[in-house]
Amino acid sequence: MFITKPLIWCLCLVALLCTSCFEVIEDITVKKDGSGAMKLTVNFSQSRTKIAALMVMDSVHGRKVPDRAEIEAKMQEAAAKLRTMNGISNVTQQTDFNNYIATISFSFRNTADINNLTKKLLAEYDVNTNIAATYAYDQGKATFTRDYKHSGEVKEQFNKLKDRDKEILKAASYISIFRFEQTVSSYSNQAARLAKNQLAVMQRLPLYDLVSGKADISNQIQLSR
Amino acid sequence: MKRVLQLVALASCTGLTASAQQYAYKIPENAFTVATVRGEQLFKLTSVKNVNASVFGKKLLKELSSVSNQDIKSIDDFGLNLSANIYYYNQITDSIDYNCVLFPIADAAKFNAFMNNGSNPVQARNGMNMSFRSSGKTLFAWNDQLLCIVSGKQQYRFFKDSTTAARYGIELPEDDYPVTVDVPYNDDGAATDDPYATVDTTVAEPETAIMYPDSIPTVVPDDAPPPPKIDNDYYDYQEKDRSYERNNLIKDSLTMKWVMNTAEQLLQKQEGTPSILNNPGFVRASDPAAAATFWLTDMQSIYSSFLPYSMLKYGYMMRGYGSFNSRLYLGNEEMRLTSEIGLDEKKAEIYKRISNQKLNKKFYKYINSDSLVGFMSYAFNTEAYMNELPGLFTGMYGKYDEEMSIAGELLSIALDEKAIAKVVKGDGLFLLSGVSKKQVTYSSYVYDSETFEYKDTVKTKTETLPDFLCMFSSDDPRIIEKMLQYGVKKEKMTFKDGIYSVEETRKMPLNLHILFKDGIVFLGTSYKEIRSIQAGTFKGNLSKEQKALLTKSNYAMFFNPKNLRGVLPSGEPGDTADKLRKLLDGTGNVYVTSTSIKNGYVGFDMIADVPKDKPNALVYFLDLIEEMTQLN
């Protein structure tokens, strides 16, 4: 009793003192035939101290804090769902609780399979929104397109966020990498960068800009034939 | 002349006492909780204009405008007496729970106009005006002097009883009972399922609509005839649905009837009749100097009321505890919340023995008041507590009392109270001394500009972490040392120069260092601090006020927001951190202390200092709410 209460008091202070910061990395490799692989990484390592402090508490700002078992169960559930989806294979997931990094990766038969799985997963978690970007690969024309529309719903949800939650998004980064077997001839989004070997396009932006609709992550990439 | 003055003094004092309680005599003797807000005390500290202009006031006016469908510009627009006592009480019966608010009226014409302009119809009955809210379960009833808001909630279990159900014509799902009570009808004679229509019918002519009892039923008579049974095996889904609706209609009509009766009884109740004023616990809590008071009937009744009747035999956990009360005092220099709970003689004796312990005075030299963010201290007698354990178990589990008593005795035999008290004497002090900067590592990625392939990399950053130091007395810490040595052997901690250290872990993001010195076990986050305690070079500086807090109470807590603000890292980005700093800047010190047993009551005092730039506690409180809403 004596140790627990003061420690929780201290941990609350830890949560108060530390700035939270995290990165989301979306890494997609598209082969010539339109098949490929995707890896999603969420890295909370920079906020390790804060997350550790938060996880000791039952709830923060009235929201329940999930424990390790719950997080693992959710990740496994997501992986299990992916395995049942058409065109999706080689599903692996990993949660590193020392550094608070979660990754999920899988192979797809066709680029359109990514669109289907996002839709299904969002529906599964009762998210009825057009938040997801759509991906298209035209083998004949050798073009890869990501179409992203910032929907009114997202804007509405964003506006509902409290200032402190908006600040968390300001400190978080979103990184998107597209890799190809052919070299990239041109790309439409000037905020993106081309790798020196011309086989990859990367865009990095604060997550806040993406959610608030300030940034555009749409891109039309023309590949050499 | 002296006699005349005495008479004048007596008359004015009597007047004061009477006005202090005002309409408390309306509250039933068996109320469960009572809360009182003393408008007179509040408006000594602020004005109606200031309340209207505050965030809280604006929100209230907006809410009221929206509820009443009228444009309300000031809290004194309705004709209510804002300088009088406002009472809220809760009453529990076996059939219905009531939540009631009593609000004195200053200007009946103004209040009538306000209610008549609202969206809910107003009707007159037996010298009172009344208006049901749309739910049909909350009634506003008033005369020229008093507004009573009565809200009723049925007891779920009440209608589950077959005899009660039959009495009111409720059909229980398992058995087929005929409907013995007519469902309310509209003027045209058609059965209605519109709750509004039900409100009107019941309110206007309740007696002709349904034959309900005149008073609230509490017990169903033993000689009540068993309900007649009809042989009918067929019960389709639709019929069940209809039956459910019929039942609800009857239950809702009953609620309305009972709520109406209660409001009528409240308005007609005369001074001198049995009331809550006969309850010494309530009278004790009703301090006229307090801005608000809260009183809760004895804890055993609460505990029992939340348990189903069949479980009552197990429920004596709160035996020995009396009523609870809280009083809020708003002054110019401080805001004080005093809370206390009654104890019976036996419990009071036990408490006295357990609290017969003082904080180790050696702790004082490790306190630095100038930079201290907060502390928490406690001093209880471990040996007395261990000795009292069997006694504490007795009476708690009702039916299993004897078994629990034996278990308690066995525990007492198994444990060596004296030996335990030597290891942990029962006093402790926790100090939140400030914060320190620390380099922490984290995983990130480096991207190859050639291919955008990324590799894991370890980066470092500076974080600000709280520093704390806690200590407790131990005359014989050998067992603790043995446990720590076991931890060292298992490589969970290290031991160097007489200090045990635990590195931060996933669950505990702070380093901990443990030292044994002068019969005190120290546990702290700062190695430097622990080293200076070990070397005897620690420089403490305890203020008189804080020393008094630690010496006088068995339990004390202190928090200095300004010192926390001083140590908040300057690198915190964003508005929230700035707002938090502003909030901490404008917040005074907060203290909590336990009070010793007085007239069979034991409790806590919470005091918040009013900052010098605020005129009084109420203004400070309203400003604080405003600052806090800015944070969200």
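Biologist: In which helix of chain B does B:G408 lie?

Modeller: This is a predicted model, in which local features need pLDDT of at least 70 and side-chain atom pairs count only at pLDDT 80 or more, whereas totals for chains, interfaces and linings use all residues. Residues are numbered from 1 along each chain as its sequence is written, chains are lettered from A and ligands numbered from 1 in the order in which they are written, and side-chain values use heavy atoms, with hydrogens and water left out. Helices are DSSP runs of H or I with at least four residues, strands are runs of E with at least two, and both are numbered from the N terminus. The run that spans residues 401-414 of chain B contains B:G408, and that helix is α14.

Biologist: Is B:G408 buried or exposed?

Modeller: Buried means under 20% relative accessible area, exposed over 50%, and partly exposed in between, with a 1.4 Å probe and protein chains only. Because its relative accessibility is 0%, B:G408 counts as buried.

Biologist: Which residues of helix α3 of chain A are buried, and where on the helix do they fall?

Modeller: The helix covers residues 68-83 of chain A and reaches 23 Å from its first C-alpha to its last, close to the 22 Å expected when 1.5 Å is multiplied by one less than the number of residues. Its buried residues are A:M75, A:A78, A:A79, A:K81 and A:L82. Seen down the axis of α3(A), and taking directions from the helix axis to the C-beta atoms, these residues fall within an arc of 160°, so they line one face of the helix.

Biologist: How many bridges join β5(A) to β6(A)?

Modeller: Strand β6 of chain A spans residues 101-108 and runs antiparallel to β5(A), with A:T103 as the bridge partner of A:Q94. The number of bridges that join the two strands is seven.

Biologist: What class of aromatic pair do A:Y135 and A:F144 form?

Modeller: Rings of Phe, Tyr and Trp (its six-membered ring) pair if their centres lie within 6.5 Å, and planes under 30 degrees apart count as stacked, over 60 as edge-to-face and the rest as tilted. A search of the whole structure finds 28 such pairs over all chains. The rings of A:Y135 and A:F144 have centres 6.3 Å apart and planes at 35°, so the pair is tilted.

Biologist: And what class of pair do B:Y378 and B:F380 form?

Modeller: Of these two residues, B:F380 is partly exposed, with a relative accessible area of 25%. The rings of B:Y378 and B:F380 are 6.5 Å apart centre to centre with 20° between the planes, and the pair is stacked.

Biologist: Which residue takes a positive phi in the hairpin of β7(A) and β8(A)?

Modeller: Strands β7 (residues 134-138) and β8 (residues 143-147) of chain A pair in the antiparallel sense over five bridges, with A:T145 as the partner of A:A136. Four residues lie between the strands, and the one with a positive phi near 55° is A:A142.

Notes:
Pairing = 2+ DSSP bridges.
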